[in-house]
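Biologist: I'm new to this one. Could you walk me through it and tell me what the terms stand on?

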Amino acid sequence: MKTIKKVLALGLVAVIAMGTLIGCSRSKDDKKVGMVLSTLNNPFFVSMKEGAEKEAEKLGYELIVLDSQNDPVKERSNVEDLIQLGVVALLINPTDSDAVVKSVEIANEKSIPVITLDRQSNGGVVTSHVASDNVKGGAMAAEFALETLKSESNINVVELQGIPGASATRDRGAGFHSILDNKSNIKFVSSQAADFDRQKGLQVMENVVQGNSDIQVVFAHNDEMALGAAKAILTSNINAIVIGFDGNDDALDAIEKGEMTATVAQQPDLIGALGVQLASKIYAGETVDKEIAADLKIVSNK
């Protein structure tokens, strides 16, 4: 009887030991990366998510994606939830560059590396930032407008700005104005926020054209607003060029149809993939650059 008990005890120890080893193995392989996006109600960020998902699968990471729905409070809650889930790195596309600071600091307190995507954080410790050069992109849009309308003596411009406070809004606007503000033949008819939203872009543009139909250029800080503005322009029979920013599929289709003139094309899927690559390198103890730039190009029907 004692022999049987001894065998059973040894067997139990072996089972426990095997279970512990299996558990350790699972824990080692279960590498989670968190991704918090400002909104998934925008094709640009959907593409960013898809690029990150493909790269995570390729590198053997579990990617957990949460949607902040353009709400900084939800953004913070999303970050806290991901920390609870034990992510090894946090990819954040901020709703707002100021509002996201607290979320970054929460991750900092838990020693979780933060990588910002597309929009920067104005505080906290960010290990790396991945984005297109938004200042350069804004300047590219202005230069394209000048080249397209070089025979025009007077050019009236409408600028549809993104979410106030977002780094993309600030930087794209700064690049655009850096080229046009010193031109004597340029007049800004309107510069208004439309929050990167297509419907708001339509509404703002409709209001603008009611007060002034003499418009030659519309520059929107993203394609969604540009698509809304293009619809208002078409309805009003105004002969203006419409330039967006992002290069999403709807914008590329609109350019092909002649409904939009151009877009400063980003590669959001690449931005997402680069974010996951950085997370993997950081997890492996490698040193990474503070800023990673993704290429831009003008796509037009000209």
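**Terms and values**

Modeller: Let's start at M140, which sits in helix α5, residues 134-148. A helix here is a DSSP run of H or I with at least four residues, and a strand is a run of E with at least two, numbered from the N terminus. This is a predicted model, where local features need pLDDT of at least 70, side-chain atom pairs count only at pLDDT 80 or more, and totals for chains, interfaces and linings use all residues. Residues are numbered from 1 along each chain as its sequence is written, and side-chain values use heavy atoms, with hydrogens and water left out.

Biologist: Why does M140 count as buried?

Modeller: Buried means under 20% relative accessible area, exposed over 50%, and partly exposed in between, with a 1.4 Å probe and protein chains only. M140 has 16% relative accessibility, so it counts as buried. In the chain, 50% of the 302 residues are buried too.

Biologist: What does M140 touch, leaving out residues up to four places away in sequence?

Modeller: L296, K297 and I298. A contact means heavy atoms within 4.5 Å. There's also T263, 123 residues from M140 in sequence, with 9.7 Å between the two C-alpha atoms.

Biologist: How many helices and strands does the chain have?

Modeller: There are 10 helices and 12 strands.

Biologist: How does the chain's radius of gyration stand against that of a compact globule?

Modeller: The radius is taken over C-alpha atoms, and the globule rule is 2.2 Å times the number of residues to the power 0.38. For 302 residues a compact globule would come out near 19 Å, but the chain has 24 Å. Its C-alpha atoms fill a box of roughly 105 × 35 × 30 Å along the principal axes.

Biologist: What makes a cavity a cavity, and a pocket a pocket?

Modeller: On a 1 Å grid over the protein atoms alone, a cavity is a set of points where a 1.4 Å probe fits but cannot get out; a pocket is an open set with protein on both sides within 12 Å along at least five of seven lines. Lining residues have an atom within 4 Å of a point. Points are joined across faces, edges and corners, and the volume is the space filled by probe spheres set on them. The whole structure has 1 cavity of 30 Å³ or more. The largest cavity is about 60 Å³, and its lining includes N42, F44 and D246.

Biologist: What is the volume of the largest pocket?

Modeller: About 300 Å³. Of its 18 lining residues, I238, N239, A240, I241 and T261 are the closest to the centre. Helix α8 gives the most to this lining, with 3 residues.
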